[in-house]
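Subject: Structure handover

Hello,

Here is the structure I said I would pass on. Please open it beside this email and follow along; the notes come after it.

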Amino acid sequence: PPDRQNPELGPTPAVPDPFADKERIGVTIEEARAWTLANNLSLQASLIDPAIANQRVTAEEGAFDAVLFANASYTKTDTPTSTELEGSQIEQSALTPGVRIPLRSGGTITFDLPMDRVDTNNQFSTLNPAFEVDGRFSISQPLLRNAGRRVSTYGIRVASINQQISEARTKLEIIRQLSDADRAYWRLYAVQEALNVRLLQYDLAREQLETARRRGNAGDLPEVEVTRAESGLASTLDQIINAQNLVAERERELKRVMNAPGLDIATATFLLPQTPPDPVRYDFDYDELAEQAVAQRMELLELELQLAIDESTIALRKNATLPLFTLDYSAVTNGLGDSWGGAAGVTRDFNFIDHFVRAQFEMPLGNRTANANLREAVLQRVQRLSTRDARRQSIREETLNAADRVRAAWGRILASRLAVITATRTLDAERRQFDVGVRTSTDVLNASTDLANSRLTEIQALTDYQIALVDLAFATGTTLGAARIDWAPTDPTNSPPPEFPTASENAILGLRLPTRSD
């Protein structure tokens with residue numbers, strides 16, 4: 001506002017305007033949400049968590065990848081012997097390629113092909129050098145401890161559940177930041193409207209001062225009425241300064257949450273909320289509302305997923321209390337010849353086959369470690385079940401309280417609007433009475449203050465209603481649906497985000513904000 005003064009009646013205090021040199025930028029609540037989803041620093045980190053968790057799942061699944069291996073050795077010995085039946089000089093080369101396949105049953109299958117070449121100075125050796133090629137198949141399978149698909153795939157199952165937990169936490173962080181953006185938006189709207197009310201109150205106080213001065217100069221009004229009008233104007237000016245400071249604070253809060261390019265908290269820009277409140281009366285089924293909240297809250301989903309991990313952990317710990325009993329079987333087809341081809345041909349004929357069976361048993365006496373680990377897992381699950389019941393009760397309470405706040409805020413809107421109408425009529429009456437000398441400047445200023453307070457109460461009621469709806473959406477876990485937001489985890493290594501995203505883009509860091517046409 002420009003400096004306000006009347007050269008005929010004397011100067012009036014100028015209204016300071018700290019936003020005069022700032023660029024005005026209009027922001028809708030949809031744009032505030034889009035900027036928050038695209039640029040909020042907390043979300044940028046949280047959106048990568050599910051991608052990290054997905055890599056852990058891949059790593060656990062890699063435990064069942066087949067392993068290709070090869071062992072090679074070369075040995076040359078020169079040892080004196082006491083008989084001519086043994087060679088004193090032996091040169092041996094060995095190569096064993098193979099593949100090892102982990103089984104989801106907990107066992108392991110191995111296929112390998114040991115190949116040896118032996119050259120000796122033993123004069124009685126019929127093959128010199130001698131070539132040996134063997135085909136070997138072996139399987140090792142635990143039958144008690146570490147046996148079974150549920151035990152062997154425990155790591156994959158836990159990693160998969162942790163991925164879902166990560167997505168739930170990310171979704172919860174999105175909901176939290178989106179709710180913070182909505183609250184910051186409406187709080188900024190409220191303080192800017194409050195500033196406008198204070199400026200209007202200043203205009204009324206200034207008009208009253210000018211009227212008092214005019215009538216005082218004409219001798220129709222005592223000097224004390226002019227003094228009272230000046231005091232009222234000064235008081236209004238102080239309230240304007242406080243309101244301007246509060247606007248600056250709320251503006252920084254919204255800028256911090258949005259973190260939009262070019263809208264840093266220290267930038268010389270002035271945000272103008274473009275979305276007005278649109279209060280609509282709602283009737284709630286409280287029981288249904290509470291049940292929906294329990295079914296949709298991410299905190300409870302995370303807790304249920306943790307209980308699923310506990311169940312798998314108990315099964316794993318229970319298996320660990322069993323004895324270790326492993327059965328191994330190997331079959332080897334042997335081949336020998338004076339060349340690699342000859343030895344391989346013998347091997348392919350399967351004329352010389354060895355069979356080996358081995359059993360291994362192991363059981364700790366007392367088995368206290370395994371039993372203690374099992375009891376710990378059971379107690380942890382019992383503790384988490386108690387936490388789940390308490391969390392459900394807390395969510396129901398939070399939801400019902402939020403619904404009550406929505407209902408109460410609606411009633412306050414109706415009451416405050418009636419108060420504004422009444423205060424407006426009262427001010428008009430007081431000014432007419434002042435003009436005929438029945439009322440004083442103080443009466444007019446008090447009526448003006450009452451009108452300003454009524455308008456501030458109405459603004460606060462409207463803002464509280466919008467924030468109460470935000471709180472109710474958060475309490476019931478429906479924030480994303482209410483704001484029509486679709487989201488997806490991001491992997492910056494595959495799809496780097498745009499450097500300067502705008503609110504009009506449909507896809508921002510993997511997040512989609514539907515347009516009005518949707």
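Glu-291 is partly exposed, because its relative accessible area is 44% (buried means under 20%, exposed over 50%, partly exposed in between, with a 1.4 Å probe and protein chains only). Before the rest, note that this is a predicted model, in which local features need pLDDT of at least 70 and side-chain atom pairs count only at pLDDT 80 or more, while totals for chains, interfaces and linings use all residues. Residues are numbered from 1 along each chain as its sequence is written, and side-chain values use heavy atoms, with hydrogens and water left out.

Salt bridges

Glu-291 forms a salt bridge with Arg-396, with 2.6 Å between the closest N and O atoms (a salt bridge is a side-chain nitrogen of Lys or Arg within 4 Å of a carboxyl oxygen of Asp or Glu). Glu-291 sits in helix 7 (residues 286-296) and Arg-396 in helix 10, so the pair ties together parts that are 105 residues apart in sequence. Helices (H or I, at least four residues) and strands (E, at least two) are DSSP runs, numbered from the N terminus. Arg-396 is partly exposed at 29%.

Glu-304 and Arg-392 also meet in a salt bridge, at 3.3 Å from N to O. This pair links helix 8 (residues 298-320), which holds Glu-304, with helix 10, which holds Arg-392, 88 residues apart. Glu-304 is partly exposed at 30%, and Arg-392 is partly exposed at 31%.

Glu-173 is buried at 15%, whereas Arg-176 is partly exposed at 31%. Asp-180, Arg-183 and Asp-471 are linked in a network of salt bridges. The structure holds 19 salt bridges.

Nonpolar cores

In soluble globular proteins, nonpolar side chains tend to be buried together. The largest nonpolar core here has 35 residues, and Val-27, Met-258 and Leu-271 have the most contacts inside it. (A nonpolar core is a set of buried Ala, Val, Leu, Ile, Met, Phe, Trp, Tyr and Cys residues joined through side-chain atoms within 4.5 Å.) Elements giving two or more residues to this core include strand 1 (23-27), helix 6 (223-258) and helix 11 (441-476). Helix 5 gives the most, with 12 residues. A second, separate core of 12 residues includes Ala-403, Ile-413, Ala-461 and Ala-475.

Aromatic pairs

How many aromatic pairs are there? The count comes to six (rings of Phe, Tyr and Trp, its six-membered ring, pair if their centres lie within 6.5 Å; planes under 30 degrees apart count as stacked, over 60 as edge-to-face and the rest as tilted). Phe-131 and Trp-340 make an edge-to-face pair, 4.8 Å centre to centre with 65 degrees between the planes. Phe-131 is in strand 6 (residues 130-133) and Trp-340 in helix 9 (residues 340-349), so the pair ties together parts that are 209 residues apart in sequence. Phe-131 is buried at 9%, while Trp-340 is partly exposed at 39%.

The chain overall

The chain has 12 helices and 13 strands. Of its 518 residues, 42% are buried.

Regards
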